[in-house]
Amino acid sequence: MTCYFGLYFGNTNMCLAMHKDSKTEVLANAAGYRVTPSVIAFLDESEKVVGLDAKQAMLRNPSNAVTNIKDLILNNAEPELNNLESNTKTRVNGKNNSRAASQKNGISQHGTSDFLAILFSNMKEIACSHSHEDEYPAVVTVPLTFTQEQRELVKKAVNEAGFQLLRIISEPSAAALAYNIGQETNDTSSKCLVFRMGGISLDVTVLQVSNGMYSVLSSVQKKNLGGHQVTDCIVSFCASEFQRQYKVDIKESKRSVTKLRAAAENYKHVIHGTMNQRCQAESLYDGIDLNVNISIARFDSLIHNTLQQCLEPVHEALNTASLSVSDINTVILCGGCCKIPKLQQLISNTFSNANILYSIVPDEVIAVGAAKQATLVSQSLSEEDYYVNLLSQDISLKLTGFSNSSEELLLCSKGTLIPTVITQSFTVTQTSNLKVEIFEGNSDSKEDNTKSDLAVLNMPNLPVGDVYFSFHIKSDGSLFVSCKDCSSKELGSATVIPPRSQGYS
């Protein structure tokens, strides 16, 4: 297998990425778009359409369409389903985890797994159009809040669609993997905030990154705060302008409101990439066309209050993790709304000292990370990776110019699983002739010929007082040493590469 796939599905859109020949790319659908609407429309008892065609069909008959499928999985309680029914225009039945979409000739009953399988089958068709493989191994992303039962439902749907499921991972982890956070750096620990603003919800997750491993410190989700609210702002403004010009209230017509919403969504997607700053729709009401000029400055002012609400879950997530804004090293923006420059600026101003990442298109970043993970998972299944890396010799230290200079310290014993990180503090007692000797061999033996020098690190500029050394022993046997003072200011670092005969076993 040479192609590996990453699949992201949201309430509003889906995205599929492929990793091949050391490159990761997002695959376009038949219409040329790199994201596909997560919409299913039933035209009759035997015919259904998915994606763009379904979105167009939903404009004509909303009751025959199924949307917000991820929320249908998450919400099983009857009150929540009733609320979703009003939002999705789909007849919802909470019994047996099934949903019903109304038809011209009756009711078509489908389980949530069926809906997912339909969506994933559409993604499989896209994969087949770009790659002609016998198998299609994939990693699929889900929210952190998915239970094991919900993950099993996703697993069933993925397999029914024809993918070979390698793993299910969380969306924040996929976003971090897309940018190789913690994968290609000597930093032993950092904190990353993943900000995802999609169609109908906002998620903020704080990750602790340590030696390539991710752990969740806090996660906050806000419903009804996303792209739909941005669209509502545009719809409200255009409706007011239309009423001011023509003295008619288009909200009295469901057809007109549906057309206006479609026009507002189109304007929202193209406003920052075109010179045309007009929201337009033909024959919006009683033969009258909609043609409203909305400048970028006006657009920013319309959505100002909505964007300000986005900071509340950010601060809530930080408070839950007992962190401040200055503790965050990296911020990742994902979700369609994060393509809005005003939102990017707001997050940048909030985290002025952090690295803000949005170079990958925000609504594609999770799929890209999933595709990279698919490659890592497949590589981990190779025969050589059934073996663990163990340190083949003791590694010891001898210090000069420190309070415990007379002692020979065992840093890491033979047989330790690597990679590993050891952090120790020492007290500097003199300002000259400071050095750290690193050698390997049997630390219990008193014979020098059983030990070999790895490196001698001269540290001429260390201040008197406590300093902290971090020793990162990597899986290839190399050793990265860094030294910091009490204020976490780095005082020096070095990488020690042992001879071929040494290292791990």
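Analyst: Buried means under 20% relative accessible area, exposed means over 50%, and partly exposed lies in between, using a 1.4 Å probe on protein chains only. This is a predicted model, where local features need pLDDT of at least 70, side-chain atom pairs count only at pLDDT 80 or more, and totals for chains, interfaces and linings use all residues. Residues are numbered from 1 along each chain as its sequence is written, and side-chain values use heavy atoms, leaving out hydrogens and water.

Helices (H or I, at least four residues) and strands (E, at least two) are DSSP runs, numbered from the N terminus.

Now the sides. Gln150, Leu153, Val154, Ala157, Val158 and Ala161 of H5 are buried. These residues cover an arc of only 135 degrees around the axis, so they sit on the same side of H5. The arc is taken from the directions of the C-beta atoms as seen from the helix axis. An α-helix has 3.6 residues a turn, so residues three or four places apart point the same way. Gln148 and Glu149 are exposed, on the face of H5 turned away from the buried side.

What does the buried side of H5 pack against? The partners are strands E1 (4-9), E10 (137-142) and E11 (164-170), plus helices H2 (69-74) and H4 (112-130). Contact here means heavy atoms within 4.5 Å.

Next, the end. Glycine 162 follows H5, and its phi is positive, near 110 degrees. Most residues other than glycine have a negative phi.

Aspartate 286 is not a glycine, yet its phi is positive, about 55 degrees. Aspartate 286 lies in the loop between strand E15 (278-285) and strand E16 (288-293). Its relative accessible area is 71%, so aspartate 286 is exposed.

Serine 322, also a residue other than glycine, has a positive phi near 60 degrees. Its loop runs between helix H11 (311-320) and strand E17 (330-334). Serine 322 counts as exposed because its relative accessibility is 64%.
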